[in-house]
Amino acid sequence: MRSVVCLKVVPRPEEVRVNLEAKTLERSGVRSVINPADLNALETALAIRDRYGGRVTVLSMGPPSFEPYLRVAIAVGADEAVLLSDRAFGGADTLATSYTLAQGIQAIGGADLVLCGDESSDGGTSQVPQGIAEWLDAAQATYVDRLEVPREGILRARRLLEDGTETLEVSLPAVVSVLGGANEVRFIDYDRWAMAEQASIRVIDAVELGADRASLGLPGSPTVVAGLREVRKPGRRHEVLTLEPGVAAARLAEELRRLGVART
Amino acid sequence: MTAPGAVWVYAERHGDSFPPVSLEILGHARSVADALGTKLVALTVGADGAPARSLARYGADEVVTVEHPLLERYDTKLFTDLLESELRPADPSVLLLGATRNGQDLAGRLAVRLRTGLTAHVTSLEVDREKHLVGWVPGFGGGIEAGVVCPNRRPAIVTVRPGVFPTPEPRGSSTAVRVVRPTLDETSFGSRRVAFEPKGFSVDLTRSEVLVVGGRGTDGDFGRLQRLAHCIGGEVGATRVATDSGWVERERMIGQTGVVTRPKVAVILGASGAVQFTVGIEKAGFVIAVNRDPDAPIFEAADLGIVGDLGPIVDKLVEALGEA
C-alpha cells in the first residue's frame, strides 16, 4: 500500500493580525503548525502501514520554510517527504491547490491511497480532498474516522454524517479525508529524530511538475477575494462583572428569570 | 428548460425529507435570483418524486427532480455524474448547496469536474454592483470575514452553513416539476454501502431556543452543563476543542465548522471566544459568558459576562434555579 498524506502548514490562528485598511493578513512573526486534522490523516496512514505494510510519503505545497514541518512528520513515522515549492503555486484557491497536489502525487509515481485532514484550521474550505480525487479520477470517502483494507484493492471507510454513520467500500486508488480528532496521533519517535534531521526532502518546482501553467496558483484560481471586513458584531451590552460564585449565581439566576427561561 | 444564467439550488434529501438547510437556502435564493434578475431552479435527487412536489412550494420558478429507485442513498460518483448532466446544458450562473457533510462531499468534487470556483461555508450572501454573487466566509483568525466572488467561470458554486438563513414558510401556489429519469444500474455507483447506523437520537441546535455551551475551561465536565441546561430548558452545545476532546458528541459543535445557532439565550461557559466559535452564536438574542480570564475575547461577544470559576458558579446557579 503506497500512501500519500497531504500536510498543510497553517499559521496559528490566534497570532494572525488583520490590516483592514490594506485588506491583508499580517503573517510576519506568526508561528505556524501542521494543520491538526492532517496529523490525524498521518496517523491513519501510519496505522494502515503498520497493519498492511507499504510506504507513507508526506506531501506539502509551500515555501522552503515548510521543510522543518515535513521533518517532524518523518520523525513521527513517515518514510519520506516531498515539497511542492514554486512562486507559481502561490495564491491558489481550492481548484488550483487540488490540481497542484494531484500533479505532485502523479509526479512521485502515484498512490494507492491519498489521505488529507477533513479541513484546515486557517479558514479552510474542506474541499481540497474531493478536488484531488476528481483530478486523479479516484474514488473518495470524506469525513472518515475509521479505515481498513478488507480485501486486496478494496478500502472500507466509516463516515460520520449528520443523520448517522455510514460504512462504504470503494476500490483503490482512493482519496480519504480524515476527521480532525479521529485518532490519537503518536508522539515523535526520538530515535528517528536524527534521521529526520538528515533526511533529504525532495523539492519539486513548476518546471519539474510539468503541469499546465494556467491551472496553477493565481491564474488557475477562479475565485477571488473581493473584500475583507470586520465581522458584523451584534450590539451587545458588554457588562462584565467579577463576582464571588454565590453572588455571580444570584445575578445570573435573576437575568435568566428576566429572560423568561428559568422557572420563577 | 430554464434559460442560462439561472440560480440553482441543490436540495439535499435525507430519504423522504429535506434537512432544514435545503429549505433555508432555497428560501434565501429567491432574493439572490431576483437581485441577479434571473430564474430560480431547485434540483433534487432521490428514489421517488413525492418530496420534490413539496419542494415546489418554496418559491422556485422550476423544480427538477432526478428520480430512480436506486437513488435511495447518496453516492459521490453517481451524484456528481447526475448533477453534471443537468448543469452542463442548463449553464446556471450560481449553484448553492447546504454545507452538510454530503453537500460538501459533492460540491468539492463537482467544482473540479466543472472546472469552476467554489466558496465554502458562507454565512451570508450578497450581489455586488457587477452582479456577481459575493459569499462571505468568516474566519482568518481575527474577527474578519472575506467576501469571495467567482467572476469568470460558472456556475459559482457556494456551500452555505446550516442555520444562517431562516426556514421559509411554504406557499399556496406550487411550481411546475420537471422529472428526469436516468438509466442506472449498480455500475453507476462509485461505492458500495456495507452498513448504515442511523443516529438513535439526533439533536439540531439550530432549532434550540436556549443553549448552554462549554469550551476548554469546562475541563470536560459536561454533566454540570447538562444540569444547568435541564434547569432552563436548554440544549448543550460545545466548542471545537470540547468535541475534538471527545467530551461531547460532534453534532453539538457550534461555530464555523459546526452549526450556526440563533437561540433566545446562550450561556457560554469556559470558551475563550475565538471567532471560529463566536460566528456560531452571533445571532443569539442574549449571550451570557463565564470565563476565568478577564481578557478572554468571549466577553466582547457577550451581553453579560462573569469573570470567575465556572464550576462553583454553575453549581450555585443550578441550586438557585432549583430552589425557586
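B:V94 stands opposite B:A156 in strand 9 of chain B. That pairing belongs to a predicted model in which 84 residues of chain B are in contact with 71 residues of chain A. The chains, their contact and the sheets they share follow.

**Strand 9 of chain B**

- Strand 9 covers residues 156-160 of chain B, and five of its five residues are buried, so the strand is largely enclosed by the rest of the structure.
- B:A156, B:V158 and B:V160 point one way from this strand. B:I157 and B:T159 point the other way.
- In a regular strand the side chains alternate between the two faces of the sheet.
- Strand 4 (residues 94-98) of chain B runs parallel to strand 9 of chain B, and five bridges join the two.
- Strand 5 of chain B is also parallel to strand 9 of chain B, with three bridges between them.
- In that pairing, B:V122 faces B:V160, a residue of strand 9 of chain B.

**Chain A overall**

- Chain A has seven helices and 15 strands.
- Its C-alpha atoms fill a box of roughly 70 × 45 × 40 Å along the principal axes.
- Chain A has 264 residues, and 47% of them are buried.
- Take the contacts in chain A between residues at least 6 apart in sequence: 71% join residues at least 24 apart.

**Chain B overall**

- Chain B has eight helices and 16 strands.
- The radius of gyration of chain B is 21 Å, close to the 20 Å that the globule rule gives for 324 residues, so chain B is as compact as a globular protein of that length.
- The box filled by the C-alpha atoms of chain B is roughly 65 × 45 × 40 Å along the principal axes.
- Of the 324 residues in chain B, 59% are buried.
- For chain B contacts between residues at least 6 apart in sequence, 65% join residues at least 24 apart.

**Where chain B touches chain A**

- The contact involves 84 residues of chain B and 71 residues of chain A.
- Several elements of chain B each supply at least two residues to its side of the contact, among them helix 4 (101-113), strand 11 (192-198) and helix 8 (310-323).
- Helix 4 of chain B gives the largest share of that side, ten residues.
- The residues on the chain B side divide into 43 nonpolar, 23 polar and 18 charged.
- Strand 11 (residues 164-171) of chain A pairs with strand 11 of chain B in the antiparallel sense, over six bridges.
- A:E166 stands opposite B:F196, which lies in strand 11 of chain B.

- Strands from both chains build an open sheet of six strands with parallel pairing, in the order 15(A)-16(B)-15(B)-14(B)-12(B)-13(B).
- Strand 15 (239-242) of chain A and strand 13 (235-238) of chain B stand at the edges, each with a single partner strand, so one side of each is left without a neighbour in the sheet.
- The twist in this sheet averages 20 degrees from one strand to the next.
- Inside chain B, strand 12 (residues 210-214) and strand 14 (residues 265-269) run parallel, joined by five bridges.
- B:V213 has B:I268 of strand 14 of chain B as its bridge partner.
- Helix 7 (residues 245-258) of chain A lies across strand 15 of chain A and strands 15 and 16 of chain B. This helix runs at about 165 degrees to strand 16 of chain B.

- A second open sheet has four strands in the order 14(A)-8(B)-7(B)-6(B), with antiparallel pairing.
- Strand 14 (224-230) of chain A and strand 6 (124-127) of chain B are the edge strands, each with a single partner strand, so one side of each is left without a neighbour in the sheet.
- Here the twist averages 30 degrees from one strand to the next.
- Helix 1 (residues 20-36) of chain B packs on this sheet and touches strands 6 and 7 of chain B. The direction of helix 1 makes about 15 degrees with that of strand 6 of chain B.
- Six bridges pair strand 14 of chain A with strand 8 of chain B in the antiparallel sense.
- A:G227 is opposite B:G147, a residue of strand 8 of chain B.

**A helix pair in chain A**

- The axes of helix 2 (residues 67-76) and helix 5 (residues 190-198) of chain A come within 8 Å and cross at roughly 145 degrees.
- This crossing of helix 2 and helix 5 of chain A is right-handed.
- A:R71, A:I74 and A:A75 of helix 2 meet A:R192, A:W193, A:A196 and A:E197 of helix 5.
- The residues of this contact divide into four nonpolar, no polar and three charged.

Terms used: Residues numbered from 1 in each chain as written. Chains lettered and ligands numbered in written order. Predicted model: local features only at pLDDT ≥ 70, side-chain atom pairs only at ≥ 80, totals over all residues. Axes fitted to C-alpha atoms, helices over the stretch in contact; angles between N-to-C directions. Left-handed = near helix turned anticlockwise from the far one by under 90°. Contact = placed C-beta atoms within 7 Å. Nonpolar A, V, L, I, M, F, W, Y, C, P; charged D, E, K, R; others polar. Pairing = 2+ DSSP bridges. Buried ≥ 20, exposed ≤ 12 C-beta atoms within 10 Å, placed from the backbone. Rg over C-alpha atoms; globule rule 2.2 N^0.38 Å.
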